[in-house]
Structures are given as C-alpha cells and as structure tokens.
Amino acid sequence: MVWLHSRPVWLIVTPSPEESFEMVQPWWPLALLAVIQLCDALLCVKPVAFIRQCLTDVRFPERFWKFLPPLKAAAAAGLIVGIWVPPLAVLVSAALVCYFAVAVSAHVRARDFGRNLFLNATAMLVICSATLAFTVQTA
C-alpha cells in the first residue's frame, strides 16, 4: 500500500517479463495430487465411515474436523495454480508432506497400525514426497 494525496492506494505488483514463471513440467503429478486432495476434501465434508473411523482412531478432536475440507480444497487449488507458479507448487507440496508426516506419527502414536496407517497416511506421504521431488527438480 502506498499513499497518494494522503489516501491509501493498493498497488498490484505483477512480475516483470524476466521474473515470469514457466509451467512446471511434468505437470501431471501436481494435477493428480490436486484431484486426490479435492476428492479427499469432498469425502471430509460429512466424513464417510472410513474417514470418520480413521479420525476417531487417532483421537483427532471432532471440533477440528470442519477445518479439513477447506484446508484440503485450498491445497488442491494451490497445486493447480502451482502448475504455473512453481514456488507455490513447492510450498504446497512441502506442506502436504508435513501434513502426512504428522498423520503417520498420529497413527503410530495411537498404535493404529492397520489399513489407515499404511494405505491412507503412508501412501499419501509417499505420493506427496514424490510430487515434491518432481516439483523441486523443475522449479
């Protein structure tokens, strides 16, 4: 914000041509992870049985369940925009790696060593880590 004639004026800063970003190649890992996150967000709106059981098993407080769909939808949006803005793709991918690392540790802490740990949390951690690796290589 700058002041012009003693009034605040918001400026929109656009990158100069030498600062413009190239599209991430390959773009498909980001798109695939975005689709997975969007589907997960939709399944969390009114948690389906297996998600409800997973959240209950790790003792995730029910009062925080309502924050999961918007967070996951925001991650999906960030991944899609990240196809054209590589720093955002790296940031969102790294955040998802952290999210699923915490999820894996929550399952281990709760001694939930079944399907939820291996299929849901660990598989997603691997997918997010691979997406981050692809993205960092191209950014």
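The legends below describe close-up views of a predicted model.

Local features are given where pLDDT is at least 70 and side-chain atom pairs where pLDDT is 80 or more, while totals for chains, interfaces and linings use all residues. Residues are numbered from 1 along each chain as its sequence is written, and side-chain values use heavy atoms, with hydrogens and water left out.

**View 1. The protein chain has five helices and two strands.** Helices (H or I, at least four residues) and strands (E, at least two) are DSSP runs numbered from the N terminus. Along the sequence the elements follow the pattern β-β-α-α-α-α-α. Of the 139 residues, 34% count as buried, where buried means under 20% relative accessible area, exposed over 50% and partly exposed in between (1.4 Å probe, protein chains only). A contact means heavy atoms within 4.5 Å. Among contacts between residues at least 6 apart in sequence, 71% join residues at least 24 apart.

**View 2. Asp40 and Lys72 form a salt bridge through their side chains.** The N to O distance is 2.7 Å. A salt bridge here is a side-chain nitrogen of Lys or Arg within 4 Å of a carboxyl oxygen of Asp or Glu, and by this rule the count is one. Asp40 belongs to helix α1 (residues 28–45) and Lys72 to helix α3 (residues 68–82), so the pair ties together parts 32 residues apart in sequence. Asp40 is buried at 18% relative accessible area.

**View 3. Lys72 in helix α3 is buried, with a relative accessibility of 8%.** Apart from neighbours within four places in sequence, Lys72 contacts Gln37, Asp40, Ala41, Cys44 and Tyr99.

**View 4. Helix α4 (residues 86–109) and helix α5 (residues 115–138) cross at roughly 155°, their axes coming within 8 Å.** Axes are lines fitted to C-alpha atoms, for helices over the stretch in contact, and angles run from 0 to 180 degrees between N-to-C directions. The two helices are therefore roughly antiparallel (over 145 degrees; under 35 is roughly parallel, 65 to 115 roughly perpendicular and the rest oblique). The crossing of α4 with α5 is left-handed, meaning that the near helix is turned anticlockwise from the far one by less than a right angle. The contact of α4 with α5 has 18 nonpolar, seven polar and no charged residues. Nonpolar covers Ala, Val, Leu, Ile, Met, Phe, Trp, Tyr, Cys and Pro, charged covers Asp, Glu, Lys and Arg, and the others, Gly among them, are polar.

**View 5. Asp112 lies in the loop between α4 and α5.** Asp112 is buried at 13% relative accessibility. Beyond neighbours within four places in sequence, Asp112 contacts Asp57, Val58, His107 and Leu117.
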